[in-house]
Amino acid sequence: MSEKIALIGSTGSVGGQTLEVIKSHADIWKVAALGAYENIELLEGQIKEFRPEEVAVFDRDKALSLQKNSSVPIFGGPESWIRIATLPQVDTVVFASSGVSALPALYAAINAKKRVALANKEMIVEEGEKIMAAARENGVEIIPVDSEHSAIFQCLRGEKPEDVEKIILTCSGGPFYGSCAKDLEGITVEKAVNHPVWKMGAKISVDSATLMNKAFEVIEAKHLFGLNEDQIEVVIHPEGIVHSLVQFKDGSVKAQMGVPDMKIPITYALSWPERINTAWGRIDFSTLSRLTFIKPDFAVFRGPDLARAALKKGGAAPARLRRANDEAVQKFLAREMEFAKIYPYICAETGLN
């Protein structure tokens, strides 16, 4: 029997790669349901290829438009995501959407005791304590899909929580690694979205360029792994081979390594607690001349420090940080704000320093 997957956010970058993973092992996984926000053109092709039992489109009007030419049942509106997240035949729900629109569906999946594979930082940043409490209450383990949190999850397997001294989240440094504040003046949208390692959407690419993505990963790590903010370190690792590390109280360090390919952590999240054979790339250690780890310039790239400040402040501070960043990035992508003004805007809106 194939394990049945509901994929919310199927038309995004991670969603598309999740479908590649499922396709590569059609004997193991089957798409039971697809959920998208509004990109019905791409969704239509996915429906034809994967033949889901149901489809959910957040935008109700787009759902009605898609339904006209589809033999598959199409449901519309925010409640449609809740519907597919709780289908009786679904074993695992993958959350690959951006933003917090899928929060009700996430809670519904947890309450229905579905396996949850989470590739969405924003929802944990917004309501991390509530989400993890609901997961504990229902005996649901949330499997992280982000490469960094998947790495930590794998390194912690078989370890005692009390033995963890700290975790070290790695990042590529983005396209402006090594830049000073002056260098960031006049940065164009095209330069900001040109990530040197990962192929991602515009929003996450800008977050990587500012290091704000690492801020949200610090917040996410605190909730996923039950840590305090002072146990979470961030280092730049330009090669993108070591995806994160865990240091233990005896001084030992475990690292998870792999080629920079999101299909690897996606596969692990779907196959957990097992590992399966894949055709994804392998590291050729004979060609690696170095593995570099460098402390970021937090005076310029302030995200991780702002995350720690938000966590210490508590309450809605992390959520306000996320929203302020979303607003700033939206303005930048619309060419209404300079890249160098993103952090001043965030600080002004949140009161964090």
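Helices and strands are here DSSP runs, numbered from the N terminus. In those terms, Lys113 is placed in the loop between α5 and β6 (115-118). The model under discussion is predicted.

**Backbone features in loops**

Lys113 has a phi near 60°, a positive value in a residue other than glycine. Arg335, in the loop between α13 and α14, likewise has a positive phi, near 60°, and is a residue other than glycine. In the loop between α11 (263-271) and α12 (303-313) lies Pro273, and the peptide bond joining Trp272 to Pro273 is cis, with omega about 10°.

**Burial of selected residues**

| Residue | Relative accessible area | Class |
|---|---|---|
| Lys113 | 55% | exposed |
| Arg335 | 55% | exposed |
| Gln231 | 17% | buried |
| Ala105 | 1% | buried |

Ala105 belongs to helix α5 (residues 103-111). Because its relative accessibility is 1%, Ala105 counts as buried. Beyond its neighbours within four places in sequence, Ala105 is in contact with Ile8, Trp81, Ile82, Ala85 and Phe95.

Helix α10 (residues 212-225) comprises 14 residues and reaches 20 Å from its first C-alpha to its last, close to the 20 Å expected at 1.5 Å a residue. The helix is mostly covered, with 13 of its 14 residues buried. Gln231 is placed in the loop between α10 and β9 (232-236). The relative accessible area of Gln231 is 17%, and this residue is therefore buried. Its side chain reaches the backbone oxygen of Val164 at 3.5 Å. Apart from neighbours within four places in sequence, the contacts of Gln231 are Val164, Glu165, Lys166 and Ile167.

**Packing of α13 and α14**

Two packed helices are described by the angle between their axes and the distance between the axes. For α13 (residues 317-333) and α14 (residues 342-350), the angle is about 145° and the axes are 9 Å apart. The crossing of these two helices is right-handed. On the α13 side, Arg320, Leu321, Ala324, Asn325, Glu327, Ala328, Lys331 and Phe332 take part, and they meet Ile342, Tyr345, Ile346, Glu349 and Thr350 of α14. By class, this contact has seven nonpolar, two polar and four charged residues.

How values were computed:
Residues are numbered from 1 along each chain as its sequence is written. This is a predicted model: local features need pLDDT of at least 70, side-chain atom pairs count only at pLDDT 80 or more; totals for chains, interfaces and linings use all residues. Side-chain values use heavy atoms; hydrogens and water are left out. Axes are lines fitted to C-alpha atoms, for helices over the stretch in contact, and angles run from 0 to 180 degrees between N-to-C directions. Helices (H or I, at least four residues) and strands (E, at least two) are DSSP runs, numbered from the N terminus. A crossing is left-handed if the near helix is turned anticlockwise from the far one by less than a right angle, and right-handed if clockwise. Contact means heavy atoms within 4.5 Å. Ala, Val, Leu, Ile, Met, Phe, Trp, Tyr, Cys and Pro count as nonpolar, Asp, Glu, Lys and Arg as charged, and the others, Gly among them, as polar. The expected span of a helix is 1.5 Å times one less than its number of residues. Buried means under 20% relative accessible area, exposed over 50%, partly exposed in between (1.4 Å probe, protein chains only). A polar contact is a pair of N or O atoms within 3.5 Å; within protein, one must be able to donate a hydrogen and the other to accept it, and residues adjacent in sequence count only if both atoms are side-chain atoms.
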